[in-house]
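I opened this notebook to record what I looked up, entry by entry. The structure comes first, and my notes follow.

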Protein chains: 2
Amino acid sequence: MAGIHEVARHAGVSITTVSHVFSGKRPVAPETRVKVLQAAEALEYRPSRTARGLATGRAMTFGLHFPFAGDSFVLNPYFPALLQGLSAAAAESGYGFLLIPSSQDGDAPLDELLRARRLDGVIVADPESSDPVIPTLVGSNVPVVTTGRFVPDPNLPWVDNDHGGAIRDLFAHLDEQGYGRPALLSTRGGYSYIADTEASYTEEAERRGMPVTIRRPPDLSEEQGYRHAIRLLDRREPPDVIIACVDRQAIGVLRAADELGVRVPEDLGVAGEGDTVLAVHSRPPLTSIRVHPGELGAAAVESLLRLLEGERADNRMIPADMVARRSTRRDARTTPGRAARSRRPSADRG
Amino acid sequence: MAGIHEVARHAGVSITTVSHVFSGKRPVAPETRVKVLQAAEALEYRPSRTARGLATGRAMTFGLHFPFAGDSFVLNPYFPALLQGLSAAAAESGYGFLLIPSSQDGDAPLDELLRARRLDGVIVADPESSDPVIPTLVGSNVPVVTTGRFVPDPNLPWVDNDHGGAIRDLFAHLDEQGYGRPALLSTRGGYSYIADTEASYTEEAERRGMPVTIRRPPDLSEEQGYRHAIRLLDRREPPDVIIACVDRQAIGVLRAADELGVRVPEDLGVAGEGDTVLAVHSRPPLTSIRVHPGELGAAAVESLLRLLEGERADNRMIPADMVARRSTRRDARTTPGRAARSRRPSADRG
DNA sequence: TTGTATGCGTTATCAT
DNA sequence: ATGATAACGCATACAA
């Protein structure tokens, strides 16, 4: 592997200049810059992360905390995708990472990592309100960014999926399709995405003068979706749409409708969240909200890097897309009614 | 953070000696050794991994490849646990890691990581026979260890769960409970654990003069378990036990039995694999095979480290335990019939 | 069995 | 806008 010295020699400049071309920490004359870049390209130069770490006193490692405890990770493709996105973004900026075990296994591993300064920062994925890892982290002064907001402390730096916006798009679509009595299936637990979805649902329904019906099963399983759908459809004035917080739940709703002889989408619209394979392959295909875990991961890393530089993090919302499929399409249009909102992330400093 | 110099001064030795106490790369007199250790303890010394990496030319990073592509990761708690185990073991030996995206996303990220020498070694979790990542890896001369064997190349270093042993224990138990017609539900695809389970099942059944019945649904879903169980139980001579390769599949079998009015465990024994929450909470509780993904991860890291030292890896089998629960217990014993085999890993050099 | 001295590839400090 | 040089914390060849 070529080092900074060879690049410097090749470009006819000092190693200092080469260093600054790659770190961007001080201005370099445009011509010098291209000379260096060309030399680096020719020599296939890559800055060494260990050397950089040694010089800067950084471990070049992030901690990642996932909600392993429940079955949420296990049964939602969102998390592997997020993990993948985080890893890719970390790799790109020269970092590696380590997983922080959920604290039910004891805090020992985390404490040790913290004391040994093995972690430059930590990303916590979709923290539950009661997660004890966050206080530990904050107490030790490690930079922390969460994906999804930490409800008990809104001041923690975060990046998030714009569920609220997607729900608004969904309501516009449902309205257009002539639905008027939407019910929401969410769950318990203090996840911000649940709170956002409920808030946005309530606001949209009220704004349109529709009844507000929220059911909160203990978990997001298909089974619970099935059970609650059965009950909802058995009421005197049943909903004409059931929105689930997760595709898996929505699949349960479809099964319930099928068993009761309720036609989808004619008698009942069904929408999920996540836009997983489940949505694509269900019968009928499921209207769902597509989130972008990869982008979210990249945003989280970016935010964390900013924190490491001593700058203030800017919280970002990653747009989510409503994907209308047959399960809410009473008309026979073939063009998917994708949301036309800008995909440009909105900024929200704080 | 205290450095090697301070420890050396504190212990009255040279930094060389301190270094060797921690690396174990050359003998140190016992008394010297304890002096150093005490000093290190007092100063809360931790060797710096970046410094070590810089000096040795290592990236101090492992690559991890998981079968994200299918839904296997998504729907099996085994993988998060394995990931956690791998991370913990890596952390302990001073390493961090990076995820290697499945190659359907293009090989670009992996190639770049390889060229930049960002990875000291790679662990591939349960590779399918057709996984193109392995050839890429082997071609680039990175040390590789797989969890579960890579069927096309048995010479790749591996660590594995001893499914075969657990199946033998299961048969002993089933025999004891008077079952005589066990069927196996596995799946397609070239996973070594499927091959092992099928081989061990066939061997045990034949040895006991029992009929051999294997069904291979396209995937390991509950739905497939349900469907195939319905068909199996509808035959003229239905099995009196159905063994599934995954708890989730077994849950489908239970549902089928319930619908058909087949009593479990009286008319039909049901066994799963994984010993997940599904097994514990199903009705009746499910006999299952408990594997130890944490230990497996630790073994994989250990093996990879050995490879990095230039030694030859020794492939290891991690024992798996058969946990007998109500779903195969015709008697009313309350003591769990846990396998009494030694938990000591067996070695198999090669 | 132990110590001395050099090097690993960067960043940062202080000059120019 | 650019350079010379000293850390950074450890491993190791070589010496004793």
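**Entry 1: DNA strand D**

I sorted the surface near DNA strand D by class and got 13 nonpolar, 11 polar and 5 charged residues. Here near means that a heavy atom of the residue lies within 4 Å of the strand or molecule. For the classes, Ala, Val, Leu, Ile, Met, Phe, Trp, Tyr, Cys and Pro count as nonpolar, Asp, Glu, Lys and Arg as charged, and the others, Gly among them, as polar.

I note the ground rules before going on: this is a predicted model, in which local features need pLDDT of at least 70, side-chain atom pairs count only at pLDDT 80 or more, and totals for chains, interfaces and linings use all residues. Residues are numbered from 1 along each chain as its sequence is written, chains are lettered from A and ligands numbered from 1 in the order in which they are written, and side-chain values use heavy atoms, with hydrogens and water left out.

Which of the 29 residues around DNA strand D come nearest? I found A:Thr17, A:Ala29, A:Thr32, B:Ile4 and B:Ser19. Of the atoms of DNA strand D that come within 4 Å of the protein, sugar and phosphate account for 57%.

I then looked up polar contacts (pairs of N or O atoms within 3.5 Å; within protein, one must be able to donate a hydrogen and the other to accept it, and residues adjacent in sequence count only if both atoms are side-chain atoms). For A:Ala29, a backbone N or O atom is 2.7 Å from a phosphate oxygen of DNA strand D. B:Ser19 uses a polar side-chain atom, 2.5 Å from a phosphate oxygen of DNA strand D. Helix H2 (15–23) and helix H4 (49–56), in chain A and in chain B, are the elements that give two or more residues to this surface. Helices (H or I, at least four residues) and strands (E, at least two) are DSSP runs, numbered from the N terminus.

**Entry 2: DNA strand C**

I counted 26 residues around DNA strand C, the closest being A:Ile4, A:Ser19, B:Thr16, B:Ala29 and B:Thr32. A polar backbone atom of A:Ile4 is 2.6 Å from a phosphate oxygen of DNA strand C. H4(A) gives the largest share of the surface near DNA strand C, 4 residues.

**Entry 3: the two chains**

In chain A I found 14 helices and 13 strands. Of its 350 residues, 54% count as buried, that is, under 20% relative accessible area, with exposed over 50% and partly exposed in between (1.4 Å probe, protein chains only).

I laid chain B on chain A: a turn of 180° and a shift of 0.1 Å along the axis give an RMSD of 0.1 Å. That is the relation of a two-fold axis. The superposition is by least squares on the C-alpha atoms of residues with pLDDT of at least 70 in both copies.

**Entry 4: B:Gly63**

Is B:Gly63 buried or exposed? I have it as buried, because its relative accessibility is 0%. B:Gly63 lies in strand S1 (residues 61–65) of chain B. Leaving out residues up to four places away in sequence, B:Gly63 touches B:Leu98, B:Ile100, B:Leu119, B:Gly121, B:Val122 and B:Ile123, where contact means heavy atoms within 4.5 Å.
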